[in-house]
Amino acid sequence: MEVIEIAKKAIKGDDEAFLQIMHLYKDTLYRTAFAFLKTEHEAVEAMQEVTFRAYQKIRTVKEPSYMKTWLVRIMINYCQDQLKKSKRASSSETLPEIGFSEDTTHLEINEAIASLSSSEQQLIFLKYFQNTKIKEIAELEKIPEGTVKSRLHKALKSLRNFLSEKGDADHV
Amino acid sequence: MYEKEEEMLDTTKKKLEQVVVPEELVKNAIQHGILKAKAKKRKRKKTLWAFSVAAILILTFVTSIRVSPAFASAISTIPGMDRFVHLIQFDKGIEAIVENDYYEPIGKSQVKNDITFTVDGIIIDETGAEIFYTLETPYPLKNLDYQEIKLFNNGQELKASSSYNLPDLEQGNSNEDEFSLVFVDSEQFTSNDFEVQFEVEQNNKITTFNVPFTLKNEIKSGKIYTLNETVEMDGQQIEIKEIKVYPLRVALTLEFDEQNEMKILQFEDMRIEDENGEVWSSIQNGITGFGENQNKETTYFLQSNYFKEPKELYLKFDKVQALPKEESYLLVDFAKKEILEQPSQRKVEVLNVGSNTIKLKYRPIREDHMYSLFSQGENAKGEVVDIPRQSNGGNNDEQYAEITLDAKDIINPVRIDFIAYPNYLKGSVSIQIK
């Protein structure tokens, strides 16, 4: 069966279709969780919570072809909330960051992404990690495509500024 | 313009794609997420017991419902009915009702305080009513809470236990749903004039709707089979007294012999079969029967075969839950957080006792079913202790239940009778009704 057909059934409340959808996108969702939360344990927990939230809200999905992005956005929101919570709990100064701490070559870009606002992080993640179309993001966010583009532009600019400042500081 | 940044992002993306996904853990997490969501959905179902019924004990839940495509398409031909397809607990009785045009469209509304309440249609017989309604507001429904639902006949309230789903808090300005009423006594209606009274609360303000209507359909009365026949199962005597067949349900009245050693709890597969072996099984969701705590006379509801005219009818059951009478309960001291007495079968394990809670674990009793293990407690003074919350969850291997008792009524020790327990009588019963 076509993915879109399964998605339609899931939206109508078909449990089996919902399960199929979750299995179809579990790798994407898990990796998204891992990118933010960085431990297997927390990412698995995120899978459970996101399944829970998605099951409750699946009927609100308007466009079945955007199912994957809809799920990824729930995951990102959950992860960002978790990071904010743990930040409060530990009251540490470190910003949430996307990425993998062992690899130093990617530290910079990870830090840069982490320096962005929650909504900018989400935008960057969807556009560059999930290859989500601008049109789709615009419809899901209920904003014009032009606004998505300018926000994306602004986010990239922030990344560049962060990286060049960081670069300058390293050269001193 | 931002080639360098985009390139860095792309590298990060490729790294992310190499992250190994722990298949089993993720699968389990998805499974648990779904179970959790389902458990929550169930909890939102509210049942209001009519006071005059002394401890109505039988309430089970089904976790999955399948609608046959043929029936779904049949129902879509009835004006307005298609909107309700997703919420009816379909059984063969309801299918027959719809096929025989016993569902009556009403379509009457009342607008009050900007809220529109519409009675879309009704199925009614002497045992109860299924009322299909729509509630619409200019703002999200999450501000609303349901209060009381009453049905009047000729100005007289029909005493009933009602159950309904609470409106979805997450979304929308309208809610289409169904009220299920089960009348405490088989009602003899005095006219065709009815009125639905429904109260909602919003910011401490109560809005009461009254929607009167006159039924055009004749209300079908029950077909009664009097039996008074005693059967024996595993040494226990059960008298089958009477079977009444109504459009919405079959009501079967049994009486358990006082000399029985076992307390009979649930009939898992009670059913009626006709001469061709076609089965009408017991009602599987919501109120499934009325009975008293003393375990004497009890009424069970089965799916209805009202619109069929079978030549022969048989009542059958094999899986009957039961416990020895003297150990069919938990005796709990909540102050010491201790279980003083419990069934020696130990098929339900008590994990933890809190100041007014008990956590239990057991093997799933029946596929696709959730049984409430208890209905209410009794304190040291012999007064009722309510159990306002019971939650269930788990997977195919184990089930967990947590019950919360009304703390203000606890006087230790508290006795809590089981109404379901995975211990069975041996043997099987089949008797001819017709």
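Helix α7 of chain A (residues 118–129) packs against helix α1 of chain B (residues 3–17) at an angle of about 75 degrees, and their axes are 10 Å apart. Axes here are lines fitted to C-alpha atoms, for helices over the stretch in contact, with angles from 0 to 180 degrees between N-to-C directions. Helices are DSSP runs (H or I, at least four residues), numbered from the N terminus. The angle makes α7(A) roughly perpendicular to α1(B) (65 to 115 degrees). From α7(A), A:I124, A:Y128 and A:F129 meet B:E6, B:L9, B:D10, B:K13 and B:L16 of α1(B); contact requires C-beta atoms, placed from the backbone, within 7 Å. By class, this contact has five nonpolar, no polar and three charged residues (nonpolar: Ala, Val, Leu, Ile, Met, Phe, Trp, Tyr, Cys and Pro; charged: Asp, Glu, Lys and Arg; polar: the others, Gly among them).

The model is predicted: local features need pLDDT of at least 70, side-chain atom pairs count only at pLDDT 80 or more, and totals for chains, interfaces and linings use all residues. Residues are numbered from 1 along each chain as its sequence is written, while chains are lettered from A and ligands numbered from 1 in the order in which they are written.

The contact between the chains takes 31 residues from chain A and 28 residues from chain B. On the chain A side, α4(A) gives the most, with ten residues. That side divides into 16 nonpolar, seven polar and eight charged residues.

A:L159 lies in helix α9 of chain A. A:L159 counts as buried because it has 24 C-beta neighbours inside 10 Å (the cut-off is 20 or more). Beyond its neighbours within four places in sequence, A:L159 contacts A:A112 and B:E5.

Methods: Helix = DSSP H or I, 4+ residues; strand = E, 2+ residues; numbered from the N terminus. Parallel < 35°, antiparallel > 145°, perpendicular 65-115°, else oblique. Contact = placed C-beta atoms within 7 Å. Buried ≥ 20, exposed ≤ 12 C-beta atoms within 10 Å, placed from the backbone.
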